[in-house]
Amino acid sequence: MNSIRDKVVRATNITPFQRKVYLALLEVPAGVTITYGELARRIGCRSAQAVGQALKRNPFAPEVPCHRVVAADGSLGGYNGKREGEQIERKRELLNRERMEK
């Protein structure tokens with residue numbers, strides 16, 4: 001059986017930058033959040049926005065847990081390209097579930 005890491009490594013439908021973002025994100029433990037900026041720094045990128053764009057296109061969500069990435073101002077940021085409504089509620093639910101299971 002292929003792990004999510006293997007799926008990301010072997011994927012042909014993502015860019016090398018997206019692969020780097022997704023693999024770094026797999027290192028963030030369940031129930032823990034990281035900012036877009038910190039994730040960018042971890043991969044040697046200066047742009048939190050670029051990381052956000054990669055996450056917006058994450059074809060592996062929620063297995064590659066982009067819901068664990070939040071804005072520097074403490075807000076949830078976005079999820080599936082949306083900053084409000086149903087998608088943000090889904091992000092909040094995923095985070096709450098992980099924190100409760102921790």
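Contact here means heavy atoms within 4.5 Å, and helices (H or I, at least four residues) and strands (E, at least two) are DSSP runs numbered from the N terminus. The model is predicted: local features need pLDDT of at least 70 and side-chain atom pairs pLDDT 80 or more, whereas totals for chains, interfaces and linings use all residues. Residues are numbered from 1 along each chain as its sequence is written, and side-chain values use heavy atoms, without hydrogens and water.

Select helix H4, residues 48-56, in which Val51, Ala54 and Leu55 are buried (under 20% relative accessible area, 1.4 Å probe, protein chains only). These residues cover an arc of only 95° around the axis, so they lie on the same side of H4; the arc is taken from the directions from the helix axis to the C-beta atoms. Next, display helix H2 (16-25), helix H3 (36-42) and strand E2 (69-70), which are included in what covers the buried residues of H4.

Proceed to the loop between H4 and E2 and select Asn58. Asn58 is buried, with a relative accessible area of 8%. A polar atom of the Asn58 side chain lies 2.8 Å from the backbone nitrogen of Phe60.

Methods. Buried means under 20% relative accessible area, exposed over 50%, partly exposed in between (1.4 Å probe, protein chains only). A polar contact is a pair of N or O atoms within 3.5 Å; within protein, one must be able to donate a hydrogen and the other to accept it, and residues adjacent in sequence count only if both atoms are side-chain atoms.
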